[in-house]
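Subject: Structure for your review

Dear colleague,

Please find the structure below, followed by an account of what was found in it. I would be grateful if you could read the notes with the model open.

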Amino acid sequence: MRVVVVGAGVIGLASAHYLLRAGHDVIVLDRAGEDARGTSYGNAGMVVPSHFVPLAAPGAVLQALKWMPNPESPFHVAPRPSLRLMRWGLEFWRAATRKRVEAAAPRLLALSRASRAAYEELQHDVGDFGLRGDGLLMVSATDAGHAEETELAHEAVKLGLEVRVLDRQGVADLEPRAGYAAAGAVHYRDDAHLDPGRLLERLHAAVTSAGGEIRHRTRVQRLLTREGRVIGVDGPGLRELADRVVLAAGSWSANLAAGVGLSLPLEPGTGYSLTAPAPGSGPGLPAILTEARVAITPLEGRLRVGGTMEMAGFPQEGSPPSHRRVTGILNSVSRYLPGLELEPFRQATAWRGHRPCTPDGLPYLGQASSPRGLVVATGHAMLGISLAPITGKVVAALVSGESPERDVTLLDLTLFDPERYSRRGR
């Protein structure tokens, strides 16, 4: 079949890769230029089965309210008159219950574990993108924070993850060159990390070498339908007909879906990162500084720090990143790593990306019943890199009308249904 994939981020390119492997003709369309640094490019590059708790979790709303007045905090909502944001916030509040989290956690974990396994195969197929399976540290600066992470670690063990809880000395023994000022940490040994920029380059090359076409600076304005079926896309100077369309346009997916009557509540959660040459001493393992929600990733010859969740809509084109958000990240890093030289990060150019956030913290992944012929793969929030390979496999299986991969057939995608909010309004 001829398949149009809307979006050339990591989800779109992974989908294109597996669609080509399944024997389909594929064209990928993306609004940005080939040299763009989109949402996938500058993130922390973490592959995290440990992140089995959705963003919408008990206590999340209260914590967000506590953080809101501080412009340097891990979470910020820019006040603006937006009915869409208000509806998103209400749905987030409804979803942040223990019952929903308990139902979602094992399914999200199954998806994450399948994706972690698929990464080994993907690196073999497309070339090295720096995949390292050393695990992830959840580092806490306070006893209270460490106690909270320890409780979550016990839940992770029940779900089958390999976890080690470390006290202050245990952190120092595992990371002697980092110099953490930490009360303790949890080591999730199933996790991994990679270089996101290199992954995108490898996927881009793999898609084109397999006969796929990738067009940049191509704005899709509308999905074309006929008799209840999506038959292609169009936009300025664009009209592409297709047997199937895959919607993988990240935070830009909602408007396209709305044009065909599909409700995909999404808010762009802006995050920031800074990358500098690797210091002589510093963290050797990727880590999340838990109270600050800041990620640290060692890359080849570089160290990346990043974080924050800023709900401010899409910034005006050309507007600079928020200085206060970047300052907040660096202040947090200095709290946990007092010996790390921060001047190289202050001199670095801040990167900014817009994570597509759903109200319930779960991606939209599945085939629409109306209109037919549309596969949705978006809303992965901070898990886009983590879930990319399995998302691509699921997309290829749905388009093909079969499930050739065992790890796809065993997944329960019910909670990821892209029509879950559309049905509520009917």
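In which helix is the place of Ser-253? Ser-253 belongs to helix α8, residues 253-258; helices (H or I, at least four residues) and strands (E, at least two) are DSSP runs, numbered from the N terminus. This is a predicted model, in which local features need pLDDT of at least 70 and side-chain atom pairs count only at pLDDT 80 or more, whereas totals for chains, interfaces and linings use all residues. Residues are numbered from 1 along each chain as its sequence is written, and side-chain values use heavy atoms, with hydrogens and water left out.

Two buried residues

With a relative accessible area of 0%, Ser-253 is buried (buried means under 20% relative accessible area, exposed over 50%, partly exposed in between, with a 1.4 Å probe and protein chains only). The side chain of Ser-253 reaches the backbone nitrogen of Ala-249 at 3.1 Å. Not counting residues up to four places away in sequence, Ser-253 touches Leu-247, Ala-248, Leu-264, Leu-266 and Thr-378, where contact means heavy atoms within 4.5 Å.

Trp-88 is located in helix α3, residues 83-95, and counts as buried because its relative accessibility is 6%. Apart from neighbours within four places in sequence, the contacts of Trp-88 include Pro-265, Leu-266, Glu-267, Met-311 and Cys-357. Thr-358 is also in contact with Trp-88; the two residues are 270 apart along the chain, yet their C-alpha atoms are separated by 7.9 Å.

Nonpolar cores

A nonpolar core is a set of buried Ala, Val, Leu, Ile, Met, Phe, Trp, Tyr and Cys residues joined through side-chain atoms within 4.5 Å. The largest such core has 63 residues, of which Leu-19, Tyr-119, Leu-199 and Val-246 touch the most other members. Helix α4 (residues 98-126) supplies the largest share of this core, nine residues. Leaving aside neighbours within four places in sequence, Leu-199 is in contact with Val-10, Tyr-119, Leu-122, Phe-129, Leu-194 and Ile-385. A second, separate core comprises 28 residues, including Ala-178, Tyr-272, Ala-292 and Leu-303.

Packing of α1 and α4

Helix α1 (residues 10-21) packs against α4 at an angle of about 75°, and the axes are 13 Å apart. Axes are lines fitted to C-alpha atoms, for helices over the stretch in contact, and angles run from 0 to 180 degrees between N-to-C directions. The two helices α1 and α4 are therefore roughly perpendicular to each other (angles under 35 degrees count as roughly parallel, over 145 as roughly antiparallel, 65 to 115 as roughly perpendicular and the rest as oblique). On the α1 side the contact is made by His-17, Tyr-18 and Arg-21, and on the α4 side by Ala-118, Glu-121, Leu-122, Asp-125 and Val-126.

Backbone features

Most residues other than glycine have a negative phi, and most peptide bonds are trans. Glu-227, although not a glycine, has a positive phi of about 50°. Glu-227 lies in the loop between β10 (222-226) and β11 (229-235) and counts as exposed at 74% relative accessibility. Thr-308, likewise not a glycine, has a positive phi of about 75°. Thr-308 is in strand β17, residues 302-311, and counts as buried at 8% relative accessibility. Ser-370 and Pro-371 are joined by a cis peptide bond, with omega about 0°. Pro-371 is in the loop between β19 (364-367) and β20 (374-378).

Yours sincerely

Key. A polar contact is a pair of N or O atoms within 3.5 Å; within protein, one must be able to donate a hydrogen and the other to accept it, and residues adjacent in sequence count only if both atoms are side-chain atoms.
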